[in-house]
Structures are given as C-alpha cells and as structure tokens.
Amino acid sequence: MGRYFDMATIAFNYKNHDSWGKIGWLGTSEYYEFWGSVFAKDLTDFFKGNVILDIGAGNGRVWHEALNLGLLVKQLHLIDPALDVVPELALKSEIFLYKKTLENLQSIHCDIIVFKQSIHHLHERMGLGMFDALPGKTFVNFSMPANPDWPMSPELKKKFELSYLNVRDIVKNTGKKVKDSFLYSYPVETNRINWCLMLEQRFTSILHDCDDDFISREVAWANNNLPDTLGFFDHLECVIFE
Ligand SMILES: C[S@@+](CC[C@H](N)C(=O)[O-])C[C@H]1O[C@@H](n2cnc3c(N)ncnc32)[C@H](O)[C@@H]1O
C-alpha cells in the first residue's frame, strides 16, 4: 500500500505550481499517454526493476500511465511540494509519496533519479548542492531544448533564453558524464484562444514572475500574430547522465 510521508507545512509557493499539468495540452490524457509510453517502452531498460526517485513529480500521471502500460519498478518514490496524485496510484504497494521539497527530504537509497521539467527549480534553490542530497547513480532528465517550438513573442523568447538552464553544463560542472540522450516531441494541436488562456494562467515557470502587463503584452502579441488554429511540437530533450 503506497503512503504519503510528511505533510508538514513548508515554505513553498504552491500558487505558482498549481496550474501545472491542468491547462491546455498539459492536462490532456493524450499527453500523459504519450509520456507514459516513453517511460514504459522507450526507457524501460533504465526503469525496469529499479528503485526510482522522481523529483518534482507533479501529479504523477506520467508514472500512472507507465505502470498501466506494464512498466514494473521495484519502488517508485515521488516527491513534490505540490504532489497531487490519483488515488489508484497512491494505493499501489511500490509507490512512496513525499509532499515536500527536495531540501526537506531525508536521503533515500535509489538507483535512478528522474527530473521531468523540474531540475531548474532545484538548481535555482540549491545550485549544484542538490546533488549532495541525491544518492542515486543514474540521472534521467527531461528539459526543454534551447529553441522551443512554442509560439512566443520576441520578448518572451528573450526571457526564455535568459533563463535557459543548460543541463549539459550542469553535467560537466558536476564531473558526471552524459551516457545517452534522446529528443521527444509531443505534437500539440490547439488554438489561439487556448494558448492565450494558458498564458493568462502562467502555465509555465518562465511566466511565474511576469507581471500583469507582461502577460497582457504577450496575449496581445498572440492575438495579433497567431492563426486561429495552432500546431507545434512540445519538444523535450532527455539526457541520461551518471
Ligand atoms: C513543470 S512541473 C513538472 C511536473 C512533472 N514532472 C511533469 O512533468 O508532469 C515542476 C514541478 O517541480 C516541483 N518543484 C518545484 N520546486 C521543487 C523542490 N524544491 N523540490 C521538489 N519539487 C519541486 C513543482 O511543484 C512542480 O510540480
């Protein structure tokens, strides 16, 4: 039977992370089926039979899909201060849930550590010191590439470039080595109205600290420059390092 550990109140801005995985294509079952299949099929050799720690696991829906597709793990530890997993996942015996930040986690022995679109948060708070708290040997990281396909204005693109965290630099600076890398591309089909709603809800971390004027300018840019229907790829690079 899976269980939650440590529900203590922690200093963390939940508001900023609440919308993740709920808006636009990020909230659809197709999106989680896509990533569940990547985890269960493409990356099965890394995950199968191992003790895995996912840091910044969000709603855990990717793992839920992966386990439903037959991925067998020894233990799966999910940590996120905004953790909010479906009951079916929480009830599985191999699942351990920690509703807290990594900074508040006691060391867990694990084989594989996963970050999916979360390493920048840890780097911002802990720098390379995050690796002191991480006992695993193999790291599987998913981050957006330097040139995303998202329909961004020049102003937002600039902001993205300034805040871009190059995971390969982190690997180099820690003396670790890249073992493998893959590019995954989720085909997004949406429309301008939905994109504007996502912007208004600051769906991604680069928008979290933007004031209302910035968001209004971005929405106006989208309304003036984007077609009614939108198709683009949501690319994520998977870098595996040890
Ligand atoms: C962009 S979301 C990704 C969620 C999930 N990995 C996914 O791809 O669906 C980033 C997550 O990192 C979590 N996070 C932020 N700071 C964290 C910290 N210090 N320790 C653990 N998780 C953190 C946030 O709460 C958020 O759920």
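This is a predicted model: local features need pLDDT of at least 70, side-chain atom pairs count only at pLDDT 80 or more; totals for chains, interfaces and linings use all residues.
Helix H2 covers residues 29-42. H2 has 14 residues, and its first and last C-alpha atoms are 19 Å apart, close to the 20 Å expected at 1.5 Å a residue. Its buried residues are Tyr-32, Trp-35, Gly-36, Val-38, Phe-39 and Ala-40. The elements that cover these buried residues include helix H3 (44-47), H4 and strand E7 (178-191). An α-helix has 3.6 residues a turn, so residues three or four places apart point the same way.

The crossing of H2 and H4 is right-handed. On the H2 side, the contact is formed by Tyr-32, Glu-33, Trp-35, Gly-36, Phe-39 and Ala-40. On the H4 side, the partners are Arg-61, Val-62, Trp-63, Glu-65, Ala-66 and Asn-68. By residue class, the contact of H2 with H4 divides into seven nonpolar, two polar and three charged. Tyr-32, Trp-35, Gly-36, Phe-39 and Ala-40 are listed both among the buried residues of H2 and among the residues that meet H4.

Gln-117 lies between strand E5 (112-116) and helix H6 (119-126). Its phi is positive, about 55 degrees, although Gln-117 is not a glycine. Gln-117 counts as partly exposed because it has 18 C-beta neighbours inside 10 Å.

A positive phi also occurs at Arg-202, a residue other than glycine, with a value near 45 degrees. Arg-202 is placed in the loop between helix H9 (192-200) and helix H10 (205-208). With 19 other C-beta atoms within 10 Å, Arg-202 is partly exposed. A residue needs 20 or more such neighbours to count as buried.

Lys-99 sits in the loop between strand E4 (95-98) and E5. Is this lysine, Lys-99, buried or exposed? It has 20 C-beta neighbours inside 10 Å, so Lys-99 counts as buried. Lys-99 can also be placed relative to Asn-191: the two are 92 residues apart in sequence, and their C-alpha atoms are 34 Å apart in space.

Terms used. Residues are numbered from 1 along each chain as its sequence is written. Axes are lines fitted to C-alpha atoms, for helices over the stretch in contact, and angles run from 0 to 180 degrees between N-to-C directions. Helices (H or I, at least four residues) and strands (E, at least two) are DSSP runs, numbered from the N terminus. A crossing is left-handed if the near helix is turned anticlockwise from the far one by less than a right angle, and right-handed if clockwise. Two residues are in contact if their C-beta atoms, placed from the backbone, lie within 7 Å. Ala, Val, Leu, Ile, Met, Phe, Trp, Tyr, Cys and Pro count as nonpolar, Asp, Glu, Lys and Arg as charged, and the others, Gly among them, as polar. The expected span of a helix is 1.5 Å times one less than its number of residues. A residue is buried if 20 or more other C-beta atoms lie within 10 Å of its own, exposed if 12 or fewer, and partly exposed in between; C-beta atoms are placed from the backbone.
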